[in-house]
Structure formats: C-alpha cells, structure tokens
Amino acid sequence: FSEGVAEVRPALDLPTRDPAAQGAQAQVRSALSWLLYRKGDFQSGLSVAGAGVELAERCADQPALVGCLLSLGSCHSALGHWATARPFFERALALAQEDGDRSAMAAALTNLGITSKREGRFDEALTFYSKALAIEREQAHHETVARLLNNIGNVYLERHDWAEAKRVKE
C-alpha cells in the first residue's frame with residue numbers, strides 16, 4: 001500500500017480550476033484515501049477523503065463522493081468512532097442506491113452491519129449483513145460472501161445463539 005500511496009500522492013498537487021480537473025482530483029482522493037485506510041494511516045485518510053468529499057460535491061462526481069464517504073466511515077470505524085462513522089455509511093448507501101451502484105451499496109451495507117454490531121445493535125447488524133449478502137451472492141463475489149457469512153455467524157455468537165451461529169458458519 002505504501003507504494004500505491006507514493007505513486008498517487010503527487011496527483012494531489014495538480015490544478016483543480018475546471019470541473020473536469022476537480023472530478024479527477026476527487027477520484028484521486030477517493031483512491032488515495034482508501035489506500036491510506038488500508039495502510040493504517042487513518043488520520044491522513046480522513047484528511048484526504050474529507051477534501052475529496054468537498055471536490056466531489058463541487059463537481060457533482062457521485063462515484064468519487066461515495067468512495068470518499070466510504071473511506072471517511074472506514075477510517076472513523078478503524079479509530080473506534082462508530083457513531084461518527086455511521087452517517088458517512090448511510091449517506092454513501094443512499095447515493096449508491098440513487099445511482100444503482102450495487103457494489104457500493106454492498107460495501108455501505110456491510111460497513112453499516114459492522115458498525116451496528118459494534119454498537120450492540122445485533123438485529124440491525126443482521127439486517128444490513130443480509131442485504132449485503134444478497135447483493136454479493138447476486139454478483140458472485142464468493143470471497144465476500146464467505147466473509148459476510150462469517151460476520152453473520154459472529155453476530156449470533158455475540159447473542160449466544162450457538163445453534164444459529166453453527167448453522168450459518170457451516
């Protein structure tokens with residue numbers, strides 16, 4: 001991830017006078033903020049994604065906006081700021097639904113499931129995970145389906161519903 005960050009970071013210095021350049025900058029910030037999140041540099045990810053949200057809103061680049069919102073939520077989640085993360089995931093979900101972007105919808109739903117579980121809202125977590133699972137199955141993302149089934153099983157473990165956890169995880 002460090003290599004990716006080093007390759008992408010210089011693009012932040014490009015001029016952003018016209019809307020097309022602003023859109024490109026918003027997309028760069030979306031990609032870079034995700035790389036920073038994956039690298040574990042959450043504070044930098046927050047800064048880059050926050051600036052990306054402003055650019056994406058200014059030039060109406062909805063995919064970049066959704067990406068930056070997901071990065072903001074993910075960075076806040078990684079820092080344990082669940083209540084702060086939730087609105088970013090909710091907004092990303094609403095925009096993804098508006099655009100019909102199934103992959104972004106699944107990402108937002110999964111993250112809302114994680115957030116809900118961490119907040120002890122287990123029924124809500126199961127609802128979000130189940131919706132994400134349906135999308136990931138539809139798109140044949142087998143690895144993500146396995147991860148979501150594991151997440152669902154973990155919710156049942158938290159609830160001490162051993163039989164249901166076993167059923168889901170098998």
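My entries below go from the whole chain to single residues.

**Entry 1: ground rules.** I am working with a predicted model, where local features need pLDDT of at least 70 and side-chain atom pairs count only at pLDDT 80 or more, while totals for chains, interfaces and linings use all residues. I number residues from 1 along each chain as its sequence is written, and my side-chain values use heavy atoms, with hydrogens and water left out.

**Entry 2: the fold.** I began with secondary structure, taking helices (H or I, at least four residues) and strands (E, at least two) as DSSP runs numbered from the N terminus. The chain has nine helices and zero strands. Read from the N terminus, the order is α-α-α-α-α-α-α-α-α. The radius of gyration is 17 Å, close to the 15 Å of the globule rule for 170 residues, so the chain is as compact as a globular protein of that length. For that check I used C-alpha atoms, and the rule is 2.2 Å times the number of residues to the power 0.38. I also noted that the C-alpha trace spans about 60 × 30 × 25 Å along its principal axes.

Entry 3: I call a residue buried under 20% relative accessible area, exposed over 50%, and partly exposed in between (1.4 Å probe, protein chains only). On that scale, buried residues are 44% of the 170 in the chain. The accessible surface (Shrake-Rupley, 1.4 Å probe) comes to about 8800 Å², and 51% of it belongs to carbon and sulfur atoms. Next I counted charges, with Lys and Arg as positive, Asp and Glu as negative, and His and the chain ends not counted. I found 19 positive and 22 negative side chains, and the centres of the two sets lie 4 Å apart. Each charge was placed at NZ of Lys, CZ of Arg, CG of Asp or CD of Glu.

**Entry 4: contacts.** A contact here means heavy atoms within 4.5 Å. Of the contacts between residues at least 6 apart in sequence, 50% join residues at least 24 apart.

**Entry 5: the cysteines.** How many disulfides does the chain have? I get zero, with a disulfide taken as a pair of cysteine sulfur atoms within 2.5 Å. The cysteine sulfur closest to that of Cys59 is in Cys68, and at 10 Å it is too far for a bond. Cys68 counts as buried because its relative accessibility is 0%.

**Entry 6: Ala49.** I found Ala49 in helix 3 (residues 42-59). Is Ala49 buried or exposed? Ala49 is buried, at 0% relative accessibility. Beyond its neighbours within four places in sequence, Ala49 is in contact with Ser33, Cys68, Ser71 and Leu72. Tyr129 lies 80 residues from Ala49 along the chain, and their C-alpha atoms are separated by 25 Å.

**Entry 7: two positive phi values.** Ala60 is not glycine, yet its phi is positive, near 60°. Ala60 sits in the loop between helix 3 and helix 4 (62-78) and is exposed at 68% relative accessible area. His160 also has a positive phi near 60°. I placed His160 in the loop between helix 8 (142-158) and helix 9 (162-169), and it is exposed at 54%.

**Entry 8: Ala107.** My last stop was Ala107 in helix 6 (residues 102-118). Ala107 is partly exposed, at 27% relative accessibility. The C-alpha atoms of Ala107 and Ser71 are separated by 11 Å, with the two residues 36 apart along the chain.
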